[in-house]
Amino acid sequence: MNSATKYEPLVRSTAQKYGIPEQTFVNMLHTETGGTVDPATAVSPAGAMGVMQLMPKTAAGLGLKEGEAFTPEKNVEAARGYSRFAVDKGFIPVAPHLLFPQFMNDSDPQERELGLFFGNA
């Protein structure tokens with residue numbers, strides 16, 4: 001069993017809270033953690049931290065204080081917020097192949113067009 005599995009309830013509840021398809025956010029969890037021993041304390045070779053692998057400057061820019069990127073709840077909330085921020089700015093979110101659909105408003109023609117573009121990028 002992947003060690004990230006214990007964080008699935010947290011990721012699922014965050015997904016439900018924001019109307020994100022649960023399995024997509026769970027897939028991001030497993031993709032980002034890559035089966036590390038304890039994703040909550042993981043640090044990638046590039047310096048990405050925690051369950052959803054936030055870079056230090058990104059975490060700070062999202063208002064996380066030092067060490068909070070290792071708090072699973074704060075890390076997951078920040079990853080969701082960052083993905084929305086990226087879409088709002090016209091950029092592909094953290095893991096576009098997993099995340100862009102749930103941050104897009106399919107009834108908004110501009111966002112739908114952007115989502116289709118992301119899917120083909």
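How many helices and strands are there in the protein? There are six helices and zero strands, where helices (H or I, at least four residues) and strands (E, at least two) are DSSP runs, numbered from the N terminus. This is a predicted model, in which local features need pLDDT of at least 70, side-chain atom pairs count only at pLDDT 80 or more, and totals for chains, interfaces and linings use all residues. Residues are numbered from 1 along each chain as its sequence is written, and side-chain values use heavy atoms, with hydrogens and water left out.

**Overall fold**

- From the N terminus on, the elements run α-α-α-α-α-α.
- The protein has 121 residues, and 41% of them count as buried. Buried means under 20% relative accessible area, exposed over 50%, and partly exposed in between (1.4 Å probe, protein chains only).
- The accessible surface comes to about 6700 Å². Carbon and sulfur atoms hold 56% of that surface. Areas come from the Shrake-Rupley method with a 1.4 Å probe; for residues, only the protein chains shown count as cover.
- Take the contacts (heavy atoms within 4.5 Å) between residues at least 6 apart in sequence: 47% of these join residues at least 24 apart.

**Nonpolar core**

- The largest nonpolar core has 21 residues. Such a core is a set of buried Ala, Val, Leu, Ile, Met, Phe, Trp, Tyr and Cys residues joined through side-chain atoms within 4.5 Å.
- Phe25, Leu29, Val51, Met52 and Val76 touch the most other members of this core.
- Helices H1, H2 (22-33) and H4 (72-88) each supply at least two residues of this core. H2 gives the most, with four residues.
- Not counting residues up to four places away in sequence, Met52 touches Phe25, Met28, Leu29, Glu32, Asn75, Val76 and Ala79.

- Glu8 is found in helix H1, which spans residues 8-18.
- Glu8 counts as buried, at 17% relative accessibility.
- Leaving aside neighbours within four places in sequence, Glu8 is in contact with Val26, Leu29 and His30.

**Salt bridges**

- Side chains of opposite charge can pair when their charged atoms come close.
- The whole structure holds four salt bridges. The criterion is a side-chain nitrogen of Lys or Arg within 4 Å of a carboxyl oxygen of Asp or Glu.
- Glu8 pairs with Arg12, with the closest N and O atoms 3.5 Å apart. The two residues are four apart in helix H1, so about one helical turn separates them. Arg12 is partly exposed, with a relative accessible area of 25%.
- Arg12 also forms a salt bridge with Glu22, at 3.2 Å from N to O. Glu22 lies in helix H2 and Arg12 in helix H1, so this pair ties together parts that are 10 residues apart in sequence. Glu22 counts as partly exposed, at 24% relative accessibility.
- Glu77 forms a salt bridge with Lys17, where the closest N and O atoms are 3.5 Å apart. This pair links distant parts of the chain: Glu77 is in helix H4, Lys17 is in helix H1, and they are 60 residues apart.
- Glu77 is partly exposed, with a relative accessible area of 26%, while Lys17 counts as exposed at 57% relative accessibility.
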